[in-house]
Amino acid sequence: MTGTTDNTWIRVAHRNPGSGTRLVCLPHAGGAASYFFPMSAALAPDVEVLSVQYPGRHDRRHERPVDDLHLLADRIAEALGPWTDRPFALFGHSYGALLGYEVARRLRAAGHRPLALFVSGRRAPSTHRDERLHLKPDASLIAELKSLDGTVGALLDNEEIIAMVMPALRADYRAVETYVQRPGPELDIPVTAFIGDDDPKVTSQEAARWREHTTSDFSLEIFPGGHFYLAERRQELTSSLRRRLDEVVAHSTT
């Protein structure tokens, strides 16, 4: 990923010291901070995008991946502390959406209030599916990833690449599939859920239940596409994010 490496956890591809807002982006299972480079470019210079780099991938590939979502949320929230000096919101896709929710809860407990939480391609924490892919052979995980994201199919036919990504991918799946929401206050910030209308990992009913996790406003936006609709609908998603960020910024100053 081109751009500035600011510390172990946070990547800033397009530095915008004059931007009034930051958007913290959390990748999907097996994903890396570089996934959000196009979004960072599209939102610059008005919004400075911070991308979270999980252990076990890219320049952190020699670190052990974290397979406990609560522990990972603790570490990310701590790492984000210095970045809360400007208004900021959180955006997470799939596994990153659930992680973003838990990071937002921790930041609120520490006295930092995000402008909003944007959750993408993920059902609400109050819903449940009995998924156990993290217990299955590597071939099952690879087949799952190929079915969700056709663009990675050729890459995942390479044994060296499989060996490189499998530890992080398996840890992420274990973290999300064993996640149990802990007692505590729900959020008091606006939550927007984005999904694709043909996503096998989340229905509109499951996404709508995110409204149970905030005492503030909730909205659901559905795009054409599957689990990785955001790659095909990047322009529409970016426009919606920009508009919604403008709205929450305006509301926060009134």
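Residues are numbered from 1 along each chain as its sequence is written, and side-chain values use heavy atoms, with hydrogens and water left out. Because the model is predicted, local features need pLDDT of at least 70 and side-chain atom pairs count only at pLDDT 80 or more, whereas totals for chains, interfaces and linings use all residues.

Over the whole structure, 24 salt bridges were found, a salt bridge being a side-chain nitrogen of Lys or Arg within 4 Å of a carboxyl oxygen of Asp or Glu. One of these joins Asp59 to Arg11, with the closest N and O atoms 2.6 Å apart. The two residues belong to distant parts of the chain, 48 residues apart: Asp59 is in the loop between strand E4 (47-52) and helix H2 (69-80), and Arg11 is in strand E2 (residues 10-12). Helices (H or I, at least four residues) and strands (E, at least two) are DSSP runs numbered from the N terminus. Asp59 is partly exposed, with a relative accessible area of 49%, whereas Arg11 is buried at 5%. Buried denotes a relative accessible area under 20%, exposed over 50%, and partly exposed the range in between (1.4 Å probe, protein chains only).

A salt bridge also connects Asp188 and Arg108, whose closest N and O atoms are 2.9 Å apart.

Within helix H3 (residues 95-109) lies Arg106, which is buried at a relative accessible area of 17%. The side chain of Arg106 forms a salt bridge with that of Glu102 (2.7 Å, N to O). Because Arg106 and Glu102 are four residues apart in helix H3, about one helical turn separates them. Glu102 is also buried, with a relative accessible area of 2%. Residues up to four places away in sequence aside, Arg106 touches His70, Ala73, Asp74, Ala77 and Arg182, where contact means heavy atoms within 4.5 Å.

A network of salt bridges links Arg15, Arg22, Glu48, Asp85 and Arg86. Of its members, Asp85 is located in the loop between H2 and strand E5 (88-93) and counts as exposed at 57% relative accessibility. The side chains of Asp85 and Arg22 make a polar contact (2.6 Å). These two residues are 63 positions apart along the chain, and their C-alpha atoms are separated by 9.7 Å.

Ser40, in helix H1 (residues 37-43), is buried with a relative accessible area of 1%. Its side chain makes a polar contact with the side chain of His14 (2.7 Å). Apart from neighbours within four places in sequence, Ser40 contacts Ala13, His14 and Val49. The C-alpha atoms of Ser40 and Thr238 are 9.5 Å apart, while the two residues are 198 residues apart in sequence.

In soluble globular proteins, nonpolar side chains tend to be buried together. The largest nonpolar core here has 69 residues, and those with the most contacts inside it are Leu23, Ile76, Phe91, Leu99 and Val103. H3 supplies the largest share of this core, eight residues. Such a core is a set of buried Ala, Val, Leu, Ile, Met, Phe, Trp, Tyr and Cys residues joined through side-chain atoms within 4.5 Å. Beyond four places in sequence, the residues touched by Leu23 include Met39, Leu43, Val47, Phe91, Phe118 and Leu241.

Two cavities of 30 Å³ or more were found. A cavity is a set of points, on a 1 Å grid over the protein atoms alone, where a 1.4 Å probe fits but cannot get out; lining residues have an atom within 4 Å of a point. Grid points are joined across faces, edges and corners, and a volume is the space filled by probe spheres set on the points. The largest cavity holds about 160 Å³ of space. Its lining comprises 16 residues, of which Ala29, Ser94, Tyr173, Lys201 and His227 lie nearest its centre. Helix H4 (138-148) and H5 are the elements that give two or more residues to this lining.

Methods: Polar contact = N/O pair within 3.5 Å; in protein donor to acceptor, adjacent residues only side chain to side chain. 1 Å grid on protein atoms, 1.4 Å probe; cavity = no way out; pocket = protein on both sides within 12 Å on 5 of 7 lines; lining within 4 Å.
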